Structure formats: C-alpha cells, structure tokens
Amino acid sequence: MITDNGEWIMLGTSLRDPNRLRNVDDLVSFVEKVGFIPLFSNNIEDFSVEEHCAAKSWWTGNAATDPWEWRAAAAAGGRVAYGKFFGGKAGFISAHWLPYFANYRRDGYDFDSLSDGGRAGRREAKIMELFDSHEELFSFEAKEL
C-alpha cells in the first residue's frame with residue numbers, strides 16, 4: 001500500500017488474476033503454504049497478503065471477498081494466527097510456525113521461565129493469567145478484563 005495525497009492505494013492484483021486470493025479459505029491455505037506473511041506490502045516484493053489479492057477488493061465490507069474482513073475469520077478457524085508479528089506490523093502465521101515465532105520472541109524461554117527470571121513484566125503476567133480461566137479471547141475482550 002502506498003499513500004498518495006492522503007489516499008491509500010493498494011498494490012494488489014487485478015480481479016482477472018487467476019492466482020489471486022479470492023476468499024478466506026484461499027488465504028488460510030496460502031498462509032499454511034508459505035508459513036508466515038505480513039498483511040500489507042513491505043520492502044520484500046511479493047511478500048504480503050495485499051499483493052496476492054485484488055486491489056479493488058479491499059475495504060468493501062463484503063466478508064466473502066474483502067481481505068480486510070478475512071482477518072478475524074481466518075484466525076477464528078485455528079489454523080492461522082493474526083497479529084502484529086512483524087515489527088509492529090500485522091500479518092499471519094500458520095499454526096505450524098507459531099511456536100517457532102513465540103520461542104524466538106521469548107529468546108528460547110517458555111513464559112514461566114521468563115516470569116521466574118524477571119524477564120516478563122507484570123502486564124504480561126496479567127495477560128497470561130487470563131488464559132487460566134478463558135481458552136481464547138479476542139484482544140478487545142482481554143483489554144476489558
């Protein structure tokens with residue numbers, strides 16, 4: 001995505017591109033195939049969901065065809081995770097790759113070891129405690145709790 005005079009311009013494909021991602025199932029299969037990928041374009045060409053979707057499909061509000069709307073549905077299926085994984089930028093990680101990303105961010109420690117060693121803060125500990133009583137939560141629910 002680029003910004004021109006305050007307007008966002010998507011860098012996706014055309015609606016005629018037979019290889020474009022057309023729906024949430026295509027997105028999930030794509031993420032499982034590549035392992036992890038940012039949502040929006042970046043300095044690595046062809047390494048974003050944006051570049052594999054039709055540019056005109058974004059922000060239409062149509063849950064069936066709008067890549068922006070697919071985020072929650074893709075994550076809810078449990079096969080991929082959605083979050084700010086790439087230097088504060090949003091993207092997807094397959095269930096297979098998620099433990100590797102978590103371990104990398106924790107420098108090889110599990111959360112209990114981080115906490116015991118004083119490397120996890122009070123805020124992080126409070127977030128982890130939420131999962132003692134909730135199997136899963138949306139981020140807005142966690143913020144409310």
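Visitor: Over how many bridges do strand β3 and β5 pair?
Guide: This is a predicted model, in which local features need pLDDT of at least 70 and side-chain atom pairs pLDDT 80 or more, while totals for chains, interfaces and linings use all residues. Residues are numbered from 1 along each chain as its sequence is written, and side-chain values use heavy atoms, without hydrogens or water. Strands are DSSP runs of E with at least two residues, and helices are runs of H or I with at least four, numbered from the N terminus; two strands pair if DSSP finds at least two bridges between them. β3 (residues 36-38) and β5 are antiparallel, and their bridges number three.

Visitor: Which residue of β5 stands opposite I37?
Guide: β5 covers residues 89-94. Opposite I37 in that strand is F92.

Visitor: What is the bridge partner of V80 in β5?
Guide: β4 and β5 run antiparallel, joined by five bridges. They form a hairpin with two residues between them, and G87 in the turn has a positive phi of about 55 degrees. Across from V80, the partner in β5 is S94.

Visitor: How many of the six residues of β5 are buried?
Guide: Buried means under 20% relative accessible area, with a 1.4 Å probe and protein chains only. β5 is mostly covered, and its buried residues number five.

Visitor: Which element gives the largest share of the lining of the largest pocket?
Guide: A pocket is an open set of points on a 1 Å grid where a 1.4 Å probe fits, with protein on both sides within 12 Å along at least five of seven lines; lining residues have an atom within 4 Å of a point. The lining here has 41 residues, with Y82 and F85 among those nearest the centre. Seven residues, the largest share, come from α5.

Notes. Buried means under 20% relative accessible area, exposed over 50%, partly exposed in between (1.4 Å probe, protein chains only).
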